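Hi,

Here is the structure I promised to pass on. Have a look at it first, and then read my notes below.

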Amino acid sequence: MYRQARYDEPLLNEMHSTEKKDIDANVPTILKRENLELPNIPEYEVVRHYTRLSQMNYAVDINTYPLGSCTMKYNPKLNEEIARMFLYLHPYQDESTVQGALQIMYELQEMLKEITDMDAFTLQPAAGAHGEFTGMLLVRAYHEFREELEKRRNVLVPDSAHGTNPASAAMAGFNVIEIPSNKEGMVDIDALEAATDESTAAFMITNPNTLGIFEEDILEIAHIMHKNGALLYYDGANLNAIMGITSPGKMNFDIVHLNLHKTFSAPHGGGGPGSGPVGVRGDLVDFLPVPIVNYDGEKYFLDYNVKHSIGKVRSFYGNFGVLVKAWAYIKRLGGEGLKNAAIRAVVNSNYLKERIKEHYELPYKELRKHEFVVKPKNATALDVAKRLLDFGVHAPTIYFPLIVHEALMIEPTETESKENLDRFADIMIKIAKEADEAPEILHEAPHNTSIRRVDDVLANRKPVLTWKMYMEMKEKGEIDY
Amino acid sequence: MVVAVIPYSMDDMKEMLEYMGVSSWEELFIDIPTVARKDGINIPSMDEYELYRHAKELADKNKDFFHMPNFLGAGVYFHFVPPAVLELSARSEFYTSYTPYQAEISQGMLQVLFEYQSLIAELTGMDVANSSMYDASTSLGEAARMANRINRRKEILVPENLHWEKESVLKNYIAGLGMKIKKYPLNDKGMIDLEALSSMITKDTAAVYAENPNFFGIIDENVTRIKEIIGDTIFIVGVTPLSLALLKPPGEYGADIVIGEGQILGNPISFGGPLLGIFATKMKYVRKMPGRLIGMTRDAEGHRAFTMTLQTREQHIRRGKATSNICSNEALCALMSTLYVAYLGSNGLKEVAKKNMDNTKKLMDMLKSEGFSAPHFNAPHFNEFLLDLPKNPHLVNKALIAKGVQGGYPINEGCFRGIGHAMLLCTTEMHREEDMRKLVESLKEVL
């Protein structure tokens, strides 16, 4: 049985503090700080505090983490070790003193080109959504250069798209139009064709899509965009399904973002840092952010000479530490290893789907790629998710994609053995039975985690967002926890 | 290919395919059109040891801080990351988790991020901080967008010495809103020209952005007078968080939004990334702010608990109408900053900040006593200051590299009003006296 650690761990500000010292510095009187409310705690107590907190946190290194569209694969330790070799380098150092770092960036650009069949990459975006935003800025710049931006105001996204897609397009100033899915769970080509015209700037799509279904009509989709002068954007969140078998380039995409923290095994860091390189082809190369890393046959250098560059999307060159980890992963696996990872990810997903499909509803067509979406027959997705935690596995992504009510979006990744998948399937089946026979177990779940089910409604109604806010509300009697 | 060292296995696949009634894995890919097929990926593999040695060789081609004194700053800084911080951040319970979507099994990370929000709020003097943006420049971009959400106005005023990289990022972040950037001047002390700023405020001004210390390292006391000049225009302050151990928090001089580079607190400089965008604001604007927020609540048994909250601002709920598209953030960097501040405490943080100021003063004094014109502006400085040069700073830097020293960030003649050839020199608590001496001696030799 699973039991997560549970400590009644105080907040940092509630821990015993040694005496505060006054330190006088030579700052203008008007800017002198009067009070700094931070505790002074000995090193060993700090270490214990955060070690205990770590024990109240679930992670890939503990067990299965089938969070759909997040690709929670195992993060090889070699990557971490290598990244630690590059900690004290400044991005503005003379190029002659950072040839090793630049070589890694250059090689990563080249390898990502080979994997995706794109012509050039920027490594600058800090996350997937940041890559999407960068991509949308490129779409803007491209149409602006052709003097068509004023009429091309619309970006199309499928109704199954990640929330970041419409958000990124809107941030770049486009109107967002949703394209419905057909009954197979793919983009409705007729609806897409009808929505596409001279006002279309781009279509953003992930393939396989968020249902885990491969968009079989992708070449037709590309044709519809291109004949209308619009661009096709590839959300790379699901690249893990197809590496080495097809590529965004082979599918005629124009712009691609990748998620190095998903597909290329850089850890997710409890929410980040990620890394979202953007690849482009053809004319779009001229619009990429600066700098790109280049090689003149003797040395690597930062190339600011990009004809119509959009400039910068963040400071410096990207999340270098994450780039190093992805570089190490790709180097180690090589092309064959990457392709096998994709195959294994798809086999795992389909096997798990077969194991549980009698017990959960499987909307849309059967054949899936690296992930699939089911819904409980007799329970809410939330209850199933919370009950899964009781067995020491993480829940799938829930209530997404929006086109499936009560969705459970399951992505096992390639780094799960058959044994692990069988165990997860057995738990899912057991929960389906509980939902019929003793549904209160689900409503009350989780039981075995460090705390019981959280009151999210209360958290929204009475926002307590800092320790100070907590103290004030407690004093006024507004909260009792 | 040595299958044994790759992080997954193909061994038990046959049994799984049989269970599915599939004769080969290829059947699972029949929906991919033949014309879109790719014939594998042409990248050779390396075994673990081979790759480790290769990486080590590449690392040895770099000259890091410990192999060459380095006086660069300009946005990211060499600060010592205590081993306790590095070790704890390497606990895989933290770093191999993701966004805490399932609060009950993720209390550890949630509490750390709540502590992070609390300490950023304390340092900045603001009500609330989000649990991270990508870096200071993207925080600035998001702050400008937020100002526009609040007052619908279209112009942001920035100091004339704003770093070009930040300006470029800002421009990209606000392009979609049709917002424009205007620059206000500095006075002859390198501080904000309040009169000029005042005359530039119009009904179109969404926000005024000011930095303290500013890009030239100047501690600018004029920031304390901006709010009275600009009224209900949104006041965005950019900070160097370490300096806030000694300096008045922007919340006490009227800031509406505070942004800054959190790398400074406990994150290695790492060739410029990952970084950590600090973003804090007032409670009355909380529903307009971007990024994830962790809130305290209770569980079903009444125990204190933490969870992600006010999520209706975010892209996974609000999609095209979200306050930002941010999803993955810099949570682990926020964790490292939390560890750093917890480790140092108020005493340690003040000591480190003071040491930073003292070292900057020490280098300025050393240069002055050798006849250099430093600092360019006669004002108190934090970390950085401008050194005037008789020739192109890029050439000076090349000559310094030949002597085994990395000089400061080059400022070309004509970049900033009233400043000729110069470099922005930076010291932190990591610079020893012999490092500074080496710089001064080398400068004397190459000029």
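In chain A, 60% of the 481 residues count as buried, meaning that 20 or more other C-beta atoms, placed from the backbone, lie within 10 Å of the residue's own. Bear in mind that this is a predicted model, in which local features need pLDDT of at least 70 and side-chain atom pairs count only at pLDDT 80 or more, while totals for chains, interfaces and linings use all residues. Residues are numbered from 1 along each chain as its sequence is written, and chains are lettered from A, with ligands numbered from 1, in the order in which they are written.

Staying with chain A, you'll find 13 helices and 13 strands (DSSP runs numbered from the N terminus: H or I of at least four residues for helices, E of at least two for strands). Its radius of gyration is 25 Å, close to the 23 Å from the globule rule for 481 residues, so chain A is as compact as a globular protein of that length. The radius is taken over C-alpha atoms, and the rule is 2.2 Å times the number of residues to the power 0.38. The C-alpha trace of chain A spans about 70 × 65 × 45 Å along its principal axes. Of the contacts in chain A between residues at least 6 apart in sequence, 71% join residues at least 24 apart; a contact here means C-beta atoms, placed from the backbone, within 7 Å.

Now for where the two chains meet. Chain A puts 167 residues into the contact and chain B puts in 157. On the chain A side, helix α8 (residues 320-356) of chain A has the largest share, with 23 residues. That side divides into 89 nonpolar, 48 polar and 30 charged residues (nonpolar: Ala, Val, Leu, Ile, Met, Phe, Trp, Tyr, Cys and Pro; charged: Asp, Glu, Lys and Arg; polar: the others, Gly among them).

Chain B is split into domain 1 (65-80 + 345-446) and domain 2 (83-339), with bounds from an automatic or database domain assignment. Where they touch, domain 1 of chain B gives 25 residues and domain 2 of chain B gives 23. On the domain 1 side, α11(B) gives the most, six residues.

As for confidence, chain B has a mean pLDDT of 96, and 98% of its residues reach 70 or more; pLDDT is the predictor's confidence in each residue, from 0 to 100. For the complex, the predictor gives an ipTM of 0.98 and a pTM of 0.98.

Cheers

Definitions and conventions
A residue is buried if 20 or more other C-beta atoms lie within 10 Å of its own, exposed if 12 or fewer, and partly exposed in between; C-beta atoms are placed from the backbone. Two residues are in contact if their C-beta atoms, placed from the backbone, lie within 7 Å.
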